[in-house]
Each structure stands twice: as structure tokens, then as C-alpha cells.
Amino acid sequence: MKKLNKYIDHTLLKPEATHKQIEELCHQALKYDFASVCVNSCYASYCYQLLKDSDVKVCCVVGFPLGACDSKTKAFETKQAIAAGAQEIDMVINIGLAKEHNWQAVKDDIAEVVNAAEGKTVKVIIETCLLTDDEKAEACICAMMADATFVKTSTGFSKSGATVEDVFLMKSVVGKKCQVKAAGGIRTYDDALKMIEAGADRLGCSSSVAIMQQYLEKH
């Protein structure tokens, strides 16, 4: 198991986030050497400048938080974010298409972003709280078929966030073909550990500093 800090995407996606708060997010990410900071794309270049001399990556969300915009809009947003310094993209699927079981369209939507990312890491948010277990599995299959890097549980802006059961299910579907990111409601070290034990390869957390402090107290 890698060090806990490298599981964490240190996240601030609230609409009221300010440059000062984003700067603090980046300073915390540098202090704890997190895997990335996860921000809205308007902050991509700002974060890139603050983090460019480190191995902390800039992750930006696309089609966030609803996933209901046009695929070409998601692709354009992806290209813009990468041009501004993003190294990872967290996209939201079209959840309505998933509920209609139009899996070809779901796959094509993901593929538009993967192609626009030109080899950069793409994490596919399936918003598990809105899907049945069968729909979660099919959404994961779509992400694999579209050559995404990760499947991700949640935006953190819907009815609920990650659960151990969903992480386990997603990992059982993707195996070694994709990695799994758990996000939403992970607030303690114990929460983080349970997600990792269930199969999570990355954690999206806004409580990252508290989690690390709890981890360091126990180690």
C-alpha cells in the first residue's frame, strides 16, 4: 500500500471558493504531498503556477456537477483545462442517458473527454447514489470501453457520497482495467482506510488535512 497522502485528491469545488482559499488548498497539498488538488477549471492556471515545482498534480472537473451538458462541451472544457495546466480530468457522465440504459451514448460521451484529454488521466464520475447496482456496473463497463483511467463514485454534490459497498462493486467490475476513486463524505482516517480496503486507488477529500493529522497521530 502506498502512503496515505498519495491516495488523496485534496478537493475544493464549492462555488463560493475564493483565490485565497484555493491558494491555501495548494499550500496544504504541498505540505502533505497529496496526489493532486481537485478544483474547478477557472483555477487551473493559478494552481499550476503554485504547484509547478512539485509532484502534486492539478485535477479539474468537467461537466460538473450534473454531467448533463453536451459531449462536445465537455471535450472543449477538457481541452481548455489541460491548456491551462490540468494534468487530470474528473468528468461526470450523462446520468439521464444511464437511467435510460443508452449505454452506447454513455460510452461515446466518456470517449469524447478521453480523446480530448490526449493521454491525460481521466476519472469518470458515475454518481452512484442515483444509479442501481446494475446501472453502476454498466457505467463502469462504459468507462473501461472508452479507455478512461478511473471510475469515480460521486461528485459530492448529490444525495450522498461514496460507500464501501459501491467501491467494492466498482472494483469487482473494473478489476485491473481501471482504477477506482472514492469521493464524497470521506471525513476521517477510518473512513479513508475503509475505502482503500474496499478497493479505492484514490480518494477525493475536502477533509484531507484532518485525515492526515489523524493518520499521523496513529503512526
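Y32 counts as buried at 13% relative accessibility, where buried means under 20% relative accessible area, exposed means over 50% and partly exposed falls in between, with a 1.4 Å probe and protein chains only. F34 counts as buried too, at 0% relative accessibility. The model here is predicted: local features need pLDDT of at least 70, side-chain atom pairs count only at pLDDT 80 or more, and totals for chains, interfaces and linings use all residues. Residues are numbered from 1 along each chain as its sequence is written, and side-chain values use heavy atoms, with hydrogens and water left out.

Now to the rings. The structure holds three aromatic pairs. Rings of Phe, Tyr and Trp (its six-membered ring) pair if their centres lie within 6.5 Å, and planes under 30 degrees apart count as stacked, over 60 as edge-to-face and the rest as tilted. The ring centres of Y32 and F34 are 5.6 Å apart with the planes at 20°, so this pair is stacked. Y189 and Y215 have their ring centres 5.5 Å apart and their planes at 55°, so that pair is tilted. Y189 lies in helix α8 (residues 189–198) and Y215 in helix α9 (residues 208–218), so the pair ties together parts that are 26 residues apart in sequence. Both Y189 and Y215 are buried.

Rings also meet charges here. A charge sits over a ring if NZ of Lys or CZ of Arg is within 6 Å of the ring centre and within 35 degrees of the ring normal.

| Lysine | Ring | Distance to ring centre |
|---|---|---|
| K2 | Y7 | 4.5 Å |
| K123 | F150 | 5.8 Å |

On to the overall fold. Eight strands close into a barrel, in the order β1-β2-β3-β4-β5-β6-β7-β8, and the pairing is parallel. From one strand to the next, the twist averages 25°. Helices (H or I, at least four residues) and strands (E, at least two) are DSSP runs, numbered from the N terminus, and two strands pair if DSSP finds at least two bridges between them.

K152 stands opposite K181 in β7. Helix α7 (residues 164–174) lies across β6 and β7 and runs at about 165° to β7; axes are lines fitted to C-alpha atoms, for helices over the stretch in contact, and angles run from 0 to 180 degrees between N-to-C directions.

What does the side chain of S154 reach? It reaches the backbone nitrogen of A162 at 3.5 Å and the backbone oxygen of A183 at 3.2 Å. S154 is in the loop between β6 and α7, and at 0% relative accessibility S154 counts as buried. Leaving out residues up to four places away in sequence, S154 touches I125, E127, T128, S160, G161, A162 and A183 (contact means heavy atoms within 4.5 Å).

The peptide bond from F64 to P65 is cis, with omega near 0°, and P65 is in the loop between β3 (57–62) and α3 (71–83). D33, a residue other than glycine, has a positive phi near 55°. D33 lies in the loop between α1 (19–32) and β2 (36–39) and is partly exposed, with a relative accessible area of 29%. H101 is not a glycine either, yet has a positive phi of about 60°. H101 is found in the loop between α4 (95–99) and α5 (103–117) and is partly exposed, at 47% relative accessible area.

How values were computed: A polar contact is a pair of N or O atoms within 3.5 Å; within protein, one must be able to donate a hydrogen and the other to accept it, and residues adjacent in sequence count only if both atoms are side-chain atoms.
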